[in-house]
Amino acid sequence: MKHFNASCLERSAFQTDSGHLFGFYHNAAGGMNPQRCLDQAEPGERKHTLDLTPKMACPFSVVVAIDFGTTSSGYAFSFTQDSEAIHMMKRWEGGDPGVANQKSPTCLLLTPEVRFHSFGFAARDFYHDLDPEEARHWLYFDKFKMKIHSTSDLTMETELEAVNGRRVRAIEVFAHALHFFREHALKEVKDQSSSVLEGEEIRWVITVPAVWRQPAKQFMREAAYLAGLVSPDCPEQLLIALEPEAASIYCRKLRLHQVIDLSVQPLTNGFDLDGSRPFDSSFRQAREQLRRSRHSRTFLVESGTGELWSELQTGDRYVVADCGGGTVDLTVHQIEQPQGTLKELYKASGGPYGAVGVDLAFEAMLCQIFGEDFIQSFKAKRPAAWVDLTIAFEARKRTASPGRANALNISLPFSFIDYYKRHRGQSVEAALRRSNMNIVKWSSQGMLRLTQEAMNELFQPTIINIVKHIEELMAKPEVRGVRFLFLVGGFAESPMLQRAVQKALGRTCRIIIPHDVGLTILKGAVLFGLDPTVVRVRRCPLTYGVGVLNRFVEGRHPRDKLLVKDGREWCTDILDRFVSVDQSVALGEAVRRSYTPARLGQRKIIINIYCSATDDVTYISDPGVRKCGTITLDLPEPLPPAGAAARGGGGGGGGGPERREIRATMQFGDTEIKVTAVDIMSGRSVRASIDFLSN
């Protein structure tokens, strides 16, 4: 290490050639004393400085939100001058029978030359109509969002596999989809706007699961840049919204006539007192019952002004369970006084327990009946027919309910029946008999007949995971006693899931479902775009920090961490925490560190960031700690000190040029981690970036 002295104001660090940071604190007398990491500070020393400068709610003319879902996606928008009105996207041509949904299936079709062709219903229908041989050359993607959640080493080069087996960079697939929504949303916004809107007047919001880590959030932002939603030079024009958080923002405004109550009390949906009456009505039937029984006894009391029901007031706590296609996300909020802002009480949790799990169980059932090798061959050779089969199952899956007596019929494509006979030399019916799977029957009309027992087998693994996760969250000390549980997301429409949650949790809390349950996140994302400060306090999902060198203490630090430099003993690899897992961090709360270049003339400082799912760590080499990103500080050419020219560049006795100090400010209270920096000597901003995709 070449340089080991500098003038520092607060927490400072020097980058060494080995990538470590020397950490210091400035003592009261102005001398440099190596001391402990921030997590070992004396009582009374503050780790963070609070800066809650009021922000302008929305300096844009219009907010456009895109709910990018695993199975379906859509957009909505609102003009800031009339923020009470949320405009939903126009209904699409096409659609599935019995699905009253304004969103489009999340499926993308690229030409054999890997150019964009269509998205949503148009992509699905065009692909369906292709000749089987021709379809093998087209690239069809569906449910591709899950890949981002399941990839542990996500980068800009991560690839997605189309139905035909060809691979394309994931960032390009997502950018195509976002560009499609951009074009449609802009056209609709301009059709409804009385003035000409410029690109910088639009704030965009993209929703992501709360359980997504920083790399996945950055990935969506990079895809939005590539799609042309906003420029990387104007990052504040794009907000990343957390799906259950957006739903919470919307749910807190709900009125009596906008919800269904699934509690076990004698409510309008007709449950017995003991909750034993079968829940055999569909989502829409329950909604109609609620409307017809508006004047019957209910525990949701509408106030005289038509505002929130009386039980949900400032100070109240509630859980939002976002049950989507790919993931289930849980968040816990409390309504704060006096402005009604939201405070997160426990870090977001969840997992890959969405409705796609039922689809995967159906595929596993087909493999059990017809053989995994046949199913894989059929998917590869007849990709369009496989998509037809999954669509047929999706439509029937929505009608499954616990009290259903008759079987559900799933139409098998003719090409499936024909391909199986040619591939195996026997009929589909013979395969069913040989499999001894009594819960699945064969219809002479060319259909699989799934009994109620079969549907239970398909749904139960996913539903059990969801209920278990909610119960575990409800048992946490921070959550115990919460009285309201909101079920949102597309999978929340399923009577199978509704019944399971009602049976498990209906006695301990009120289970509320918004009428427009599939659009709750989308509407909440618009509200978030109009006022991003509505969630004032969040919980950190992980512990974040950097590795530093501190004074070696015999008996406390292991000998293998000892580094001797210039006659002084240092301990390497100490984790200097920025924030700890599940720590409450307010919006605008800042963590500041000062860094000094290791060499004169250095133009870049690169700092490795480490994270851990627990806080019980001391060193960056501890189990469970991993490098997750980098902070890059691009240093401008230093300004010459005042009077340097008159002195002729600094000859005798000045002790050489002063060391530079760069102060970095990091914010962890937003939906994304942000960093800014300033050169203390000149007061000039330093270009600072944080990257989680290049590991």
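Helices (H or I, at least four residues) and strands (E, at least two) are DSSP runs, numbered from the N terminus. Keep that in mind for every stop.

This is a predicted model, where local features need pLDDT of at least 70, side-chain atom pairs count only at pLDDT 80 or more, and totals for chains, interfaces and linings use all residues. Residues are numbered from 1 along each chain as its sequence is written, and side-chain values use heavy atoms, with hydrogens and water left out.

**Stop 1: two loops**

Select Asp 582. It sits in the loop between strand E27 (568-579) and strand E28 (584-586). Asp 582 is not a glycine, yet its phi is positive, at about 65°. Is Asp 582 buried or exposed? Its relative accessible area is 16%, so Asp 582 is buried. Buried means under 20% relative accessible area, exposed means over 50%, and partly exposed lies in between (1.4 Å probe, protein chains only).

Now select Val 114, in the loop between strand E8 (107-110) and strand E9 (116-119). Val 114 also is not a glycine and has a positive phi of about 65°. Its relative accessibility is 30%, so Val 114 counts as partly exposed.

**Stop 2: a cis bond**

Select Gln 337 and Pro 338. A cis peptide bond joins them, with omega about -5°. Pro 338 lies in the loop between strand E17 (328-335) and strand E18 (342-351).

Move to Lys 343, in strand E18. Lys 343 has 27% relative accessibility, so it counts as partly exposed. What does Lys 343 touch, not counting residues up to four places away in sequence? The list is Val 332, His 333, Gln 334, Glu 336 and Val 537. Contact here means heavy atoms within 4.5 Å.

**Stop 3**

Select helix H8 (residues 356-370) and helix H9 (residues 372-381). Their axes come within 6 Å and cross at roughly 120°. That makes H8 oblique to H9. Axes are lines fitted to C-alpha atoms, for helices over the stretch in contact, and angles run from 0 to 180 degrees between N-to-C directions. Under 35 degrees counts as roughly parallel, over 145 as roughly antiparallel, 65 to 115 as roughly perpendicular, and the rest as oblique.

Show the contact residues. H8 gives Glu 363, Leu 366, Cys 367 and Phe 370; H9 gives Glu 372, Phe 374, Ile 375, Gln 376 and Lys 379.

**Stop 4: aromatic rings**

How many aromatic pairs does a search of the whole structure find? It finds 26. Rings of Phe, Tyr and Trp (its six-membered ring) pair if their centres lie within 6.5 Å; planes under 30 degrees apart count as stacked, over 60 as edge-to-face and the rest as tilted.

Select Tyr 75 and Phe 181. Their ring centres are 6.2 Å apart and their planes are at 75°, so the pair is edge-to-face. Tyr 75 is in strand E5 (residues 72-79) and Phe 181 is in helix H4 (residues 170-192), 106 residues apart. Both are buried.

Next, select Phe 374 and Phe 416. Here the centres are 5.3 Å apart and the planes are at 85°, so this pair is edge-to-face. Phe 374 is in helix H9, and Phe 416 is in helix H11 (residues 414-424).

**Last stop: helix H15**

Select residues 520-530. Eleven of the eleven residues of H15 are buried, so this helix is largely enclosed by the rest of the structure.
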